[in-house]
Structures are given as C-alpha cells and as structure tokens.
Amino acid sequence: MKKWLLLLASTLVLVGCGETTQTEETASTPVESSEQAVLAEVTVSVTVDGEEIDEGEQVLEVEEDAILLDVMKEHYELEEADGFISAINGHEQDEEAGKYWLFDLNGEMAEVGAAELELSDGDLVEWKLEAFEG
C-alpha cells in the first residue's frame with residue numbers, strides 16, 4: 001500500500017513539474033511581430049456651421065486600414081442607418097434647411113462613404129454639418 005501511495009505521489013509531482021515548465025516556456029515565447037496590429041494616427045474634426053463641437057477635433061490612434069464609420073462609433077455618439085450618419089454628438093441633420101453631414105478626407109471630398117473608407121496614418125477627416133451646395 002505504501003508503495004502505491006509513494007508511486008502516486010511521485011507521479012503527481014512529475015506531472016505538476018511538467019505542466020509548470022510548459023507554461024513557463026509558453027509564457028516566455030515572444031509574440032510574432034506580424035501578429036501585432038499596425039497603428040495609424042488620424043485626426044478627426046467635427047464642426048456645425050463652421051463651429052467645432054464638443055469632442056470636435058481629436059487625434060486618434062487606430063489600426064491601419066480601420067473603417068471610418070467604426071472609428072466614429074468608438075469615439076463619438078452617432079445616429080446612423082445603413083452607413084449614413086444622421087447625427088453626431090446630438091447634432092442632427094436638417095433636411096428642411098438642406099443641412100447634411102458630409103466629410104472631407106485630407107482636404108478633398110471623399111470618394112466613398114464612411115462605411116467603406118479605410119483610414120491611413122496621417123489622414124485628416126473633417127466632418128461638417130452645413131447646407132449642402134451641390
């Protein structure tokens with residue numbers, strides 16, 4: 001009986017040591033650099049009739065190729081449907097007055113909507129709620 005207890009105790013000690021060693025090796029293994037996200041710094045500006053709103057301009061650190069709509073949802077209070085933003089931080093579009101949320105990317109009107117726009121390092125996104133002159 002004592003031999004069985006001694007054998008059982010020895011086995012448990014060896015198993016325990018083996019797991020500890022494996023855990024330590026796994027914990028000390030460096031993460032591959034390809035698994036780390038590439039970050040980009042972008043500036044987002046939000047104005048209503050030319051006046052900056054609360055939280056209006058922010059320099060944000062996001063993942064490279066992050067989608068603009070997702071970034072906006074993370075940093076501003078939005079109302080949107082089907083990828084179209086109708087309110088930012090409580091400032092709503094006014095269809096009767098012809099005021100809509102539009103944005104420029106790096107000083108030019110964006111060629112795609114916020115739900116499709118992939119951000120890059122150094123991008124400047126300027127959201128404007130103003131009368132649309134088309």
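Student: What makes the contact of Asp49 with Lys99 a salt bridge?
Tutor: This is a predicted model, and in it the closest N and O atoms of Asp49 and Lys99 are 2.7 Å apart. The cut-off is a Lys or Arg side-chain nitrogen within 4 Å of a carboxyl oxygen of Asp or Glu, so the pair counts as a salt bridge.

Student: Which parts of the chain does the pair of Asp49 and Lys99 link?
Tutor: Distant ones, 50 residues apart. Asp49 is in the loop between strand E1 (39-48) and strand E2 (51-63), while Lys99 belongs to strand E6 (residues 99-105).

Student: Why is Asp49 called partly exposed?
Tutor: Its relative accessibility is 46%. Buried means under 20% and exposed means over 50%, so Asp49 falls in between. The 24% of Lys99 also lies between these limits, so Lys99 is partly exposed.

Student: How many salt bridges does the structure hold?
Tutor: Three. One of them joins the side chains of Glu80 and Lys73, at 3.2 Å from N to O. Glu80 has a relative accessibility of 31% and is partly exposed; Lys73, with 44%, is partly exposed as well.

Student: How do you know that Asp104 and Lys128 form a salt bridge?
Tutor: Their side chains meet at 3.0 Å, N to O. Asp104 lies in strand E6 and Lys128 in strand E8 (residues 124-131), so the bridge ties together parts that are 24 residues apart in sequence.

Student: Is Asp104 buried or exposed?
Tutor: Buried: its relative accessibility is 17%, and the label needs a value under 20%.

Student: Why is the pair of Phe103 and Trp127 called tilted?
Tutor: A search of the whole structure finds one aromatic pair. The ring centres of Phe103 and Trp127 are 4.6 Å apart, and the cut-off for a pair is within 6.5 Å. Their planes stand at 40°; under 30 degrees would be stacked and over 60 edge-to-face, so the pair is tilted.

Student: What does the pair of Phe103 and Trp127 tie together?
Tutor: Parts that are 24 residues apart in sequence, because Phe103 lies in strand E6 and Trp127 in strand E8. Both Phe103 and Trp127 are buried.

Student: Which residues touch the most other members of the largest nonpolar core?
Tutor: Val46, Leu68, Ile88 and Trp127, in a core of 26 residues. Elements giving two or more residues to this core are E1, E2, helix H2 (68-75), E4, E6 and E8. E1 gives the largest share, five residues.

Student: What lines the largest pocket?
Tutor: The lining has 18 residues, and Phe84, Trp101, Phe103, Gly113 and Ala114 lie nearest the centre. The space in this pocket is about 350 Å³. Strand E4 (84-88) and E6 each supply at least two lining residues, and the largest share, four residues, comes from E6.

Student: How many residues of that lining are nonpolar, polar and charged?
Tutor: The lining of the largest pocket divides into 13 nonpolar, three polar and two charged residues. Gly113 is among the lining residues nearest the centre, and Gly counts as polar.

How values were computed
Residues are numbered from 1 along each chain as its sequence is written. This is a predicted model: local features need pLDDT of at least 70, side-chain atom pairs count only at pLDDT 80 or more; totals for chains, interfaces and linings use all residues. Side-chain values use heavy atoms; hydrogens and water are left out. Buried means under 20% relative accessible area, exposed over 50%, partly exposed in between (1.4 Å probe, protein chains only). On a 1 Å grid over the protein atoms alone, a cavity is a set of points where a 1.4 Å probe fits but cannot get out, and a pocket is an open set with protein on both sides within 12 Å along at least five of seven lines; lining residues have an atom within 4 Å of a point. Grid points are joined across faces, edges and corners, and a volume is the space filled by probe spheres set on the points. Rings of Phe, Tyr and Trp (its six-membered ring) pair if their centres lie within 6.5 Å; planes under 30 degrees apart count as stacked, over 60 as edge-to-face and the rest as tilted. A nonpolar core is a set of buried Ala, Val, Leu, Ile, Met, Phe, Trp, Tyr and Cys residues joined through side-chain atoms within 4.5 Å.
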